[in-house]
Amino acid sequence: MSRGALQPSQQKLAEKFTILNDRGIGMLTRIYNIKKACGDPKAKPSYLVDKNLESVVKFIVRKFPAIETRNNNVSSQQLTQLQKEKSEILKNLSLYYFTFVDVMEFKDNVSELLNTIDACQVFFDVTVNFDLTKNYLDLVVTYTTLMMLLSRIEERKAIIGLYNYAHEMTHGASDREYPRLGQMIVDYENPLKKMMEEFVPHGKSLSDALISLQMVYPRRNLSADQWRNAQLLSLISAPSTMLNPAQSDTMPCEYLSLDCMEKWIVFGFVLCHAVLNTDPAALSLWKLALQSSTCLCLFRDEVFHIHKACEDLFVNIRGYNKRLNDIKECKEQALSGTMHRERRKFLRSALKELATVLSDQPGLLGPKALFVFMALSFARDEIIWLLRHADNIQKKSTDDFIDKHVAELIFYMEELRAHIRKYGPVMQRYYVQYLSGFDAVILNELVQNLSVCPEDESIIMSSFVNTMTSLSVKQVEDGDMFDFRGMRLDWFRLQAYTSVSKASLGIADHRELGKMMNTIIFHTKMVDSLVEMLVETSDISIFCFYSRAFEKMFQQCLELPSQSRHSISFPLLCTHFMSCTHELCPEEVRPRNQCLSLCNMFLDEMAKQARNLITDICTEQCTLSDQLLPKHCAKTISQAVNKKSKKLTGKKGEPEREKPGVESMRKNRLLVTNLDKLHTALSELCFSINYVPNMVVWEHTFTPREYLTSHLEIRFTKSIVGMTMYNQATQEIAKPSELLTSVRSYMTVLQSIENYVQIDITRVFNNVLLQQTQHLDSHGEPTITSLYTNWYLETLLRQVSNGHIAYFPAMKAFVNLPTENELTFNAEEYSDISEMRSLSELLGPYGMKFLSESLMWHISSQVAELKVWSLTESEAFVFVFLQSFLLKPYLCLCLCSVAVDSVLKRMTIIGVILSFRSLAQEALRDVSPSMISSSCQVAMNVYELSSAAGLPCEIDPALVVCLPMEINTFEEDYKIACLLMVFVAVSMPTLASNVMSQYSPAIEGHCNNIHCLAKAVNQIAAALFTIHKGSIEDRLKEFLALASSSLLKIGQETDKMTTRNRESVYLLLDMVSICADSIYLGGHNTVCNLFSYFYYVMFVGSRHLFKIANCLNNVPSHL
């Protein structure tokens, strides 16, 4: 190859373009972060806001770039302050200062490269030497953007000046880069104006490169109607050619970013504006770009308002009136976003069709890969255009700049991306065969037909052919890694060699070779660079810097039910943010934090929305279930009876009440109920949540389903507690059966969620319902266990002790007694066997155990009070008992009359509590499967296990545990227990004088609950003497002996008021003996023992008397 003084191989144009473009992006990142830091009062360098340095900073900025350390305008005090902080200034401002120095060096390198290109007279044509032309235009735009962004840092002079002053005070001289750096800052106050002058020598090369876009940009910037007429991106428009590979002479230009080309055209023709007046093609491209957008992206969220900037630049240039008129005309068209709105509408349907076909036939990804990347690029450009204009344009049209369906477009982009990642091996297999079987052959023929082919170029192209020929499908099947980066770099070098003037092999004369190689390069990217291609064509990480607009789009998506199925596209879009950082700015953490925060927020909001829909459905279902409760049937029965009577009389009755289930009858399929709408909205949203199992964002794994599971657990917990309708002020609470019905309805709805999304709803039930069996949940909030325990203890049982409620053994329920002040609740509706079973089912064994422990705590407090009395009165009581009881038992009671009522009342309360606990245990036994054999050994740990399962035990383990010894010595505590049982026994005769002590056969008890004394005496005695290892049988025999002796003596009393309910008390003693006999005393022997103290005829007579009285009460009044 014959070359002039400048040899392209020695200039290394390809390498310089690659390095400088990458470094330019890194410099933009650093300058952008400096601008944002200086614009944030919290992140701004403290020296710029320090009041002590304010006048110094103003002086430095005013005199910049001159240095005057001894100026009279600066006081010595201020210089002294600067002197004190010079080391800190050097340390903290060095990063800023040397970033500006790097910009200056970058500028120098770019200027040198541009001069080299002009000297080599490089040929640029984006359709032939694509990589060389693209890198050249990218470098020009990056350089221009960098200088514009630099000029937007208002504090740049202050930072550079402060650093240099501190440097001079420290080292005695200015920094060596300062003079040139300061002059650059001054020169580029108006960067575009300065660069217009700077690019005059480069105008020829730049304009040639831009004009080569005339075959590419107009074809990319078509209207939606033109796309539709051409059936663009459609795979099914021509079924016969569906398997044919998508081909183009300009393969890399087909998916080239429209936004990128517009920046090339706008900035390029501003820098070489003279060509606009001489070349119609240039003017046409420029006007078309001005009509497309009102602002361009400089970097991230920094924008350039095209029309205003161009007007300001051209207004002072003579002969540019026509261009000013063109700008105004184009601005009016750009302000109308109709064209872009229609494009987005077309792309939504086109991408949906493309994604649907490829999901069914992924093999088409091979021949139609170009269509996929074109679709991604087109959609990406329209989304970025909408984002940029919606956030920056002042004159907004609701229809043109607010798109509530943008989520759908992003969703289909993500679907196409997912297909490419999933079926990458399919594409690799196809293009490996394509490269080796077709491309290698065609390229070899082209090389052979070259009239002139120098040695260097021949070696490179031969290596291309050999590389492609050596490929085989087996490499794909074996999972070998492909790497064609070297081949692509060699082609880039070859473009540089063959694009200079006077090259032996000029690519301008062999355009077919260039187009073929561009196609081959695209095919190699399909084998080894699919991820990079996805970033190039579909990266929309710019959303990271438009967080408000991003969140607004997301909210609009959730608010529109038809779009909620696409809401997952927003969290998925956060995975793009990893590509917006650069290695030249490793300290940048904002994109990472912003990305994680947004992804978490999006998934959380989606889960909340789904949770709210599920809650609304549950509310509807609970309402329907409530209509089926037995309490509502009375109205239906009454209405039916009234309806028959009205027919006889001929009068019109009340309107017929709708029966449950009528809402399911549909006369018209188009009729949509609220429940239908909720289910539809939920299915759409659950589709989105279930779309991906997880996503990785900056080494963090997010699982959308777990967000929903977590929110369902929290809401289910709150709903269960809320459905109790507990009111602490009025002490109102829902019936356990009604709550159980509501909970079952809620659980039925939650189970149906598994039809929409793959979550383990059983785990939700286990976590929530198990927590509800505890006193507090995992958040420290009250549970239904604590609420119902508190209500039964503080409301129901307290009213029992107040005499407003009685326990009816025959009904196995607590029943309200007629009193002056009626209670606000019906005790039977909360304590009958069905309600207790519902309560047991709700609370479970753990909850019932907590209820039992709470009941035992109240019993222990009552027993403690009894023990205290027994201890204080023990000596007097023993003396009176020994001296007087055998002859005059009432002397003992009179001496202790103050405590008699208290002791009997406390024992009655204990009996009531034990009776309620017995009901609860029986209900638990009914609803829980028997996991423990009823033939348990007499060991306390086995007793406790049995009791927790609801099985009856001879000795109540919970009662034993809650009655610890409170006296120092074992003997004293045992004596107190014996005295307590004696005192209860000799106190029983006093019950005969109470008017409420009358026995009722109908309820098998007494209205003042003294029948509960039987259970209290037996279980307290068993527990106390188990603790003290005494003989329960002997102590109970002694109790029966004392009690029967006391009751026999009251038979001698003549006062009717004292003995009016004597027979009822006889039956109470019979209850005590029967209970003791059945559990502790071994059967009929104890009955015989009791008869040795008490006359059997008295029991029989009492029972017969009450049976006759009960029969007389049931006789009809007319008889």
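Helix α26 gives the largest share of the lining of the largest cavity, four residues. The structure is a predicted model. In this model, the largest cavity has a volume of about 60 Å³. Its lining is formed by Phe130, Asp131, Pro252, Tyr255, Asn518, Ile521, Phe522 and Lys525. Two elements, α6 (130–151) and α26 (511–528), each give two or more residues to this lining. By class, the lining of the largest cavity divides into five nonpolar residues, one polar residue and two charged residues. Asn518 is the polar member. Asp131 and Lys525 are the charged ones.

The second largest cavity has a volume of about 40 Å³. Leu258, Asp259, Glu262, Ser292, His340, Asp381, Glu382, Trp385 and Arg388 line this cavity. Here α14 (258–271) and α19 (369–392) are the elements that give two or more residues. The largest share, four residues, comes from α19. Charged residues number five in this lining, with two nonpolar and two polar residues beside them. Leu258 and Trp385 make up the nonpolar class. Ser292 and His340 make up the polar class. Among the charged residues are Asp259, Glu262 and Arg388.

A search of the whole structure finds eight cavities of 30 Å³ or more. In general, a probe the size of a water molecule, rolled over the atoms, shows where empty space is left.

Key: Residues numbered from 1 in each chain as written. Predicted model: local features only at pLDDT ≥ 70, side-chain atom pairs only at ≥ 80, totals over all residues. Heavy atoms only, no water. 1 Å grid on protein atoms, 1.4 Å probe; cavity = no way out; pocket = protein on both sides within 12 Å on 5 of 7 lines; lining within 4 Å. Points joined across faces, edges and corners; volume = space filled by probe spheres on them.
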